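Here is a short report on one protein model. It covers salt bridges, fold and core.

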Amino acid sequence: MDEKIENQIIEGEKMENNMDFFGQIEEHFGKSRRSPEQYSALGLAYIGDAVYDIIIRTIIVDLGNKKVSQFHRMTSSIVKAESQAKLMKTIMEDLTEEEETIFRHGRNAKSPTSAKNASIVDYRVATGFEALVGYLYLQHKTERALELIEKGLKKTKQLPESD
């Protein structure tokens, strides 16, 4: 086989292995028609909520076999608005200017829904946090989102330990 073609195949495999989840979704279903800056704050929070949830569920399920109700209880305690607000407050000093702008944009968005079991302040801070996570995900900056989440979980002592 031609050396040039062989190198292209190897590089292609490396890129595929290094592609983030969103990149893989785009590869299978088509590239997004809009840039992250074009999403509304609540749109960013919507996707950020799901991304944060999958991160926490992945951490929780890795702790070992438990009943699904235990998984749910552990996950819920971390993803609730009050916990997200607490986490966000601990990582504020670590944000870049751009990240802080996205957070404020999400925090200040007027949501048609209200907090069920959280104060309006915690709910808004949590919405800002989710918008930030969504923005980073859509920017293909998953590593940065994970870094901030890990830092926040550690600072708030919410990072669960395995059995």
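**Salt bridges and core**

Arg144 and Glu147 both sit in helix 8, 3 residues apart, about one turn of the helix. Helices are DSSP runs (H or I, at least four residues), and strands are E runs of at least two, numbered from the N terminus. The model is predicted: local features need pLDDT of at least 70, side-chain atom pairs count only at pLDDT 80 or more, and totals for chains, interfaces and linings use all residues. Residues are numbered from 1 along each chain as its sequence is written, and side-chain values use heavy atoms, leaving out hydrogens and water.

Arg144 and Glu147 form a salt bridge. That term means a side-chain nitrogen of Lys or Arg within 4 Å of a carboxyl oxygen of Asp or Glu. The whole structure has 12 salt bridges, including these:

| Pair | N to O distance |
|---|---|
| Arg144–Glu147 | 2.6 Å |
| Lys89–Asp122 | 3.7 Å |
| Lys151–Asp94 | 3.7 Å |

Lys89 lies in helix 5 and Asp122 in helix 7, so their pair ties together parts 33 residues apart in sequence. Lys89 is exposed at 51% relative accessible area; Asp122 is buried at 16%. Buried means under 20%, exposed over 50%, and partly exposed in between (1.4 Å probe, protein chains only). Glu93, Asp94, Lys151 and Lys155 are linked in a salt-bridge network.

The protein has 8 helices and 0 strands. Its largest nonpolar core holds 32 residues. Such a core joins buried Ala, Val, Leu, Ile, Met, Phe, Trp, Tyr and Cys residues through side-chain atoms within 4.5 Å. Helix 7 gives the largest share, 9 residues.
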